[in-house]
Amino acid sequence: MVSDQENDVHEGPLDAYLALIKTKGVPTREINLRKHFLRHLVSMLEGLPLNGDLYREVVDQVLRKFPDDAASQEIFKTAAREFYNFWICDTKSLAKLTQAALVNEEPIHIHAAGSLSDLLAEMDRARSWVCTDWAAIERYLQQLYATGLAKAAIDVRERLLRLLMYVSREYPSSPRVYRAAVDAMLPLFTTPEGQQVFVSLAREFYYFWLQDPAAGIKHDSAPGQMNGNNQLAF
């Protein structure tokens, strides 16, 4: 059991987040679970830079200290994804959360039919489709170019990110939809290595998609770094 450290954390961002999810109808029991998890997360974030990579690393560390059943872990991961916007105190990022339905009795199921090449071809044929998140993709690609990454490798990342936006095009933009789209695309990669690389890409781009001004690229980490159970924590 993880002991409480309530007196060691700053309450501002956490209070704001808890107030928001309360207005969205999150059940009291789940609010308390999220609060308990986030208090420990915030205490470990104390003094660290506002950096998405560091945030993910700390989230992974805290998750390992909490119950590992699937239901509890899902609640904690959701809280971590949503709280990030409050931790960085960025109003543009928060807009995606405050406008989203954080509580929905119906789970989001996005179905990506066919193979990866089939879906890419379908996307290319969809002339009327407009990628509403192209500005975020372009910002991410610009950072990739700045690192000196080969153009061929950048082109592959661009295609996959555009496809990620394409498969979720019929849903309102929200972190839940983003994750559902990633989950839908994972089976398209036929090897564990391919899935790991895609998970790494999706996690890295997530902060650009949120319009986080501190979003950056971390090439020195192993490709496809993720939790042991292959679930996205973001």
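Predicted model: local features only at pLDDT ≥ 70, side-chain atom pairs only at ≥ 80, totals over all residues.
Axes here are lines fitted to C-alpha atoms, for helices over the stretch in contact, and angles run from 0 to 180 degrees between N-to-C directions.

The crossing of α1 with α4 is right-handed, meaning that the near helix is turned clockwise from the far one by less than a right angle. From α1, the residues Pro13, Leu14, Ala16, Tyr17, Leu20 and Ile21 meet Thr78, Ala79, Glu82, Phe83, Phe86 and Trp87 of α4. Contact means heavy atoms within 4.5 Å. Sorted by class, this contact of α1 with α4 holds ten nonpolar, one polar and one charged residues. Ala, Val, Leu, Ile, Met, Phe, Trp, Tyr, Cys and Pro count as nonpolar, Asp, Glu, Lys and Arg as charged, and the others, Gly among them, as polar.

## The whole fold

Let us step back to the overall picture. The protein has ten helices and zero strands; helices (H or I, at least four residues) and strands (E, at least two) are DSSP runs, numbered from the N terminus. Of the 234 residues in the protein, 47% are buried, where buried means under 20% relative accessible area, exposed over 50%, and partly exposed in between (1.4 Å probe, protein chains only). Among contacts between residues at least 6 apart in sequence, 74% join residues at least 24 apart.

Residues are numbered from 1 along each chain as its sequence is written, and side-chain values use heavy atoms, leaving out hydrogens and water. Local features need pLDDT of at least 70 and side-chain atom pairs count only at pLDDT 80 or more, while totals for chains, interfaces and linings use all residues.

## α1 meets α2

Helix α1 also has a contact with α2 (residues 28–45). The axes of α1 and α2 come within 11 Å and cross at roughly 160°, so the two helices are roughly antiparallel. This crossing is right-handed. On the α1 side, Leu14, Tyr17, Leu18, Ile21 and Lys22 make the contact, with Ile31, Arg34, Lys35, Leu38 and Arg39 on the α2 side. Six of these residues are nonpolar, none polar and four charged.

## The nonpolar core

The largest nonpolar core has 69 residues, and Leu41, Tyr55, Phe83 and Phe205 touch the most other members. Such a core is a set of buried Ala, Val, Leu, Ile, Met, Phe, Trp, Tyr and Cys residues joined through side-chain atoms within 4.5 Å. Helix α10 (residues 192–209) gives the largest share, nine residues.

Which residues does Phe83 touch, not counting residues up to four places away in sequence? They are Pro13, Leu14, Tyr17, Leu38, Leu41, Val42 and Tyr55.

Helix α7 (residues 134–147) and α10 have axes that come within 9 Å and cross at roughly 120°, in a right-handed crossing. Here Ala136, Ile137, Arg139, Tyr140 and Gln143 of α7 meet Leu201, Glu204, Phe205, Phe208 and Trp209 of α10.

Glu122 belongs to helix α6 (residues 116–125) and is partly exposed, with a relative accessible area of 30%. Not counting residues up to four places away in sequence, Glu122 touches Tyr166 and Arg169. Glu122 and Tyr166 are 44 residues apart in sequence and 9.7 Å apart in space, C-alpha to C-alpha.

Terms used:
Parallel < 35°, antiparallel > 145°, perpendicular 65-115°, else oblique.
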